[in-house]
Amino acid sequence: MPHLLLIAAGGVTTLAFAPYTLWWLPLLSVALLVFFLQGATSAKQAAMRGFSFGVGWFGVGISWVHVSIAQFGGLPLAGSIGLMALLVGYLALFPAFTLWLSYRLRSPGFTPLLFAACWTLAEWLRSVLLTGFPWLSMGYSQTEHGLSQFAPLIGETGISFLLVFSAAALAQLFCPQRAPARYGYLLIAGLLFAMAPQLSALKGWHYSDNAIDVVLVQGNIKQDLRWAPEQEWPTMLKYMDLTRPHFQTDLVIWPEAAIPQLEPLAESYLENLNRAALYADTAVISGILDYNFKTQQAWNNLIVLGKRQPDSTDGDYFYGHGNRYSKHHLLPIGEFVPFESWLRQLAPIFDLPMSSFTRGAYVQPNLVANGYHLLPAICFEIAFPAQISANMTADTQLLLTVSNDAWFGDSIGPQQHLQIAQMRALEFGRPLLRATNNGVTATVDAAGKISARAAQFTETVLQDSIRLTSGQTPYARFADWPLWLCSGLLLLLFAIRALLRWRKTG
């Protein structure tokens with residue numbers, strides 16, 4: 001019975017994230033998880049209860065991954081379901097580890113602190129192992145509500161700590177041991193939520209007097225046509241035609257791989273676009289794939305065409321120029337294939353077009369377009385705040401993320417992706433531009449609020465004027481180090497206490 005309840009609780013937790021945003025829901029679902037942790041009689045039983053919660057949490061929450069596997073992966077239904085089960089089972093190991101460690105280090109009267117520290121460790125592991133998959137981290141549920149104003153101070157990971165601490169504090173009301181501190185923990189949790197709206201004065205940034213006019217182009221190219229050779233020129237002409245009436249702006253953004261022709265082969269088209277942007281006194285940032293025919297290396301890039309600086313007298317683009325960004329955090333299977341020498345032979349999903357890229361450097365210069373400095377992230381990279389932090393400079397004015405979420409159809413995946421991008425704007429106190437092939441294309445202000453958005457699955461142009469900011473958030477300065485230090489010290493103290501207890505009883 002506990003396992004069925006926990007699977008249901010994990011599944012329902014999906015409603016806390018976009019597009020549903022029932023931000024208070026994790027307080028209840030995670031509290032139920034902690035309640036069953038407190039009733040566990042062995043570490044194995046605790047781990048299985050955590051695994052059950054994880055099966056529901058990820059089984060429902062990332063069900064959108066199945067769309068790409070089933071529609072574009074070329075696997076039979078049984079194979080795609082099996083692959084999804086493997087992914088969900090892997091991700092469920094992390095909440096299982098959280099409960100296993102919490103049980104092993106159990107310390108009556110300190111459950112909320114211990115559970116939050118164990119959760120933080122497990123979530124960090126989830127974000128780095130096998131290149132990392134930090135999707136649906138609990139803090140994203142607070143992007144626009146609840147604890148959101150903690151983001152400029154401690155980031156999404158810090159919010160996750162506070163959220164699961166608060167849920168564990170709620171669970172103490174039903175603790176079998178009736179720990180005397182249970183009301184104190186609940187009071188602290190209540191104070192966290194009460195004080196959150198008052199923290200905006202500590203965010204560390206403020207609006208400047210400058211604004212930027214931007215155009216984001218959404219071509220809405222069907223996924224099965226994106227890499228068809230006969231569709232290269234129709235796609236490139238579509239983006240040019242959509243942009244031409246709106247060139248008189250500060251900055252134009254095209255999405256990931258908007259130009260489907262390899263960069264060395266698109267010389268005439270890129271030179272035309274470079275000149276058009278120059279004559280319109282603007283710059284265009286576009287996704288494109290680069291390929292070295294000698295080394296057979298490919299890169300998923302963003303390039304800048306037109307004006308690098310407002311006083312540029314010539315288009316600054318040429319093939320191989322340094323004002324570009326190469327994606328660092330590649331997506332397994334989609335952009336690189338582990339053990340590809342034999343996996344590519346198994347099924348079409350392991351042999352997708354453009355699925356063998358070279359990784360760009362972890363730290364790269366910001367893009368400079370028409371005098372504006374933009375910190376770029378391609379697709380999945382926006383889910384890694386440490387990478388954004390490492391590339392943040394004193395000159396960074398805007399965050400930029402481009403993507404192609406056509407892989408995921410009419411699912412909740414693109415909505416969750418946008419929510420993650422909102423959190424990055426909130427953490428770093430910089431407005432964010434998000435251009436996608438078929439949605440959700442949007443602009444986000446430095447407070448994490450959506451300023452403008454385009455309808456999904458439409459061929460459209462989104463125009464907006466974005467206020468720029470100055471200053472630095474505490475999170476931009478310190479990143480997650482204070483949280484890691486706090487969690488590490490807590491785990492060390494609980495480990496020492498558990499060791500002393502074992503020696504005394506054993």
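Modeller: Pockets come first, and they need a definition. On a 1 Å grid over the protein atoms alone, a pocket is an open set of points with protein on both sides within 12 Å along at least five of seven lines; a cavity is a set where a 1.4 Å probe fits but cannot get out; lining residues have an atom within 4 Å of a point. Grid points are joined across faces, edges and corners, and a volume is the space filled by probe spheres set on them. The model is predicted: local features need pLDDT of at least 70, side-chain atom pairs count only at pLDDT 80 or more, and totals for chains, interfaces and linings use all residues. Numbering runs from 1 along each chain as its sequence is written, and side-chain values use heavy atoms, with hydrogens and water left out.

Biologist: How much space lies in the second largest pocket, and which residues are closest to its centre?

Modeller: The second largest pocket holds about 720 Å³. Its lining has 33 residues, and Trp-124, Ser-127, Ala-386, Asp-480 and Trp-484 are the closest to the centre. Helices and strands here are DSSP runs (helices H or I, at least four residues; strands E, at least two), numbered from the N terminus. Two or more lining residues come from each of α6 (111–128), α7, α12 (385–391) and α15 (481–505). The top contributor is α6, with eight residues.

Biologist: What is the make-up of this lining by class?

Modeller: The classes are set by residue type: Ala, Val, Leu, Ile, Met, Phe, Trp, Tyr, Cys and Pro are nonpolar, Asp, Glu, Lys and Arg are charged, and the others, Gly among them, are polar. The lining of the second largest pocket has 17 nonpolar, 11 polar and five charged residues.

Biologist: Which domains does the assignment give?

Modeller: Domain bounds come from an automatic or database domain assignment. Here it gives domain 1 (1–202 + 480–505) and domain 2 (205–370 + 436–444 + 453–471). Their C-alpha centres lie 36 Å apart. Each of domain 1 and domain 2 gives at least three residues to the lining of the second largest pocket.

Biologist: How should I read the largest nonpolar core, and which residues have the most contacts inside it?

Modeller: In soluble globular proteins, nonpolar side chains tend to be buried together. A nonpolar core is a set of buried Ala, Val, Leu, Ile, Met, Phe, Trp, Tyr and Cys residues joined through side-chain atoms within 4.5 Å. Buried means under 20% relative accessible area, exposed over 50%, and partly exposed in between (1.4 Å probe, protein chains only). The largest core has 115 residues, with the most contacts inside it made by Phe-115, Leu-251, Ile-285 and Leu-433. Helix α7 (residues 151–171) gives the most to this core, 11 residues. Domain 1 and domain 2 each supply at least three of the core's residues. Another core, of 24 residues, lies apart from it and includes Leu-242 and Tyr-317.

Biologist: What does Phe-115 touch, beyond its neighbours within four places in sequence?

Modeller: Contact means heavy atoms within 4.5 Å. The partners of Phe-115 include Val-30, Leu-33, Leu-99, Val-164 and Ala-168.

Biologist: Now single residues. Is Leu-398 buried or exposed?

Modeller: Leu-398, in strand β8 (residues 398–403), is buried, at 0% relative accessible area.

Biologist: Where is Glu-427 found?

Modeller: Glu-427 is in helix α13 (residues 413–428). Glu-427 counts as buried because its relative accessible area is 0%. Its contacts include Ala-151, Glu-156, Pro-385 and Tyr-475.
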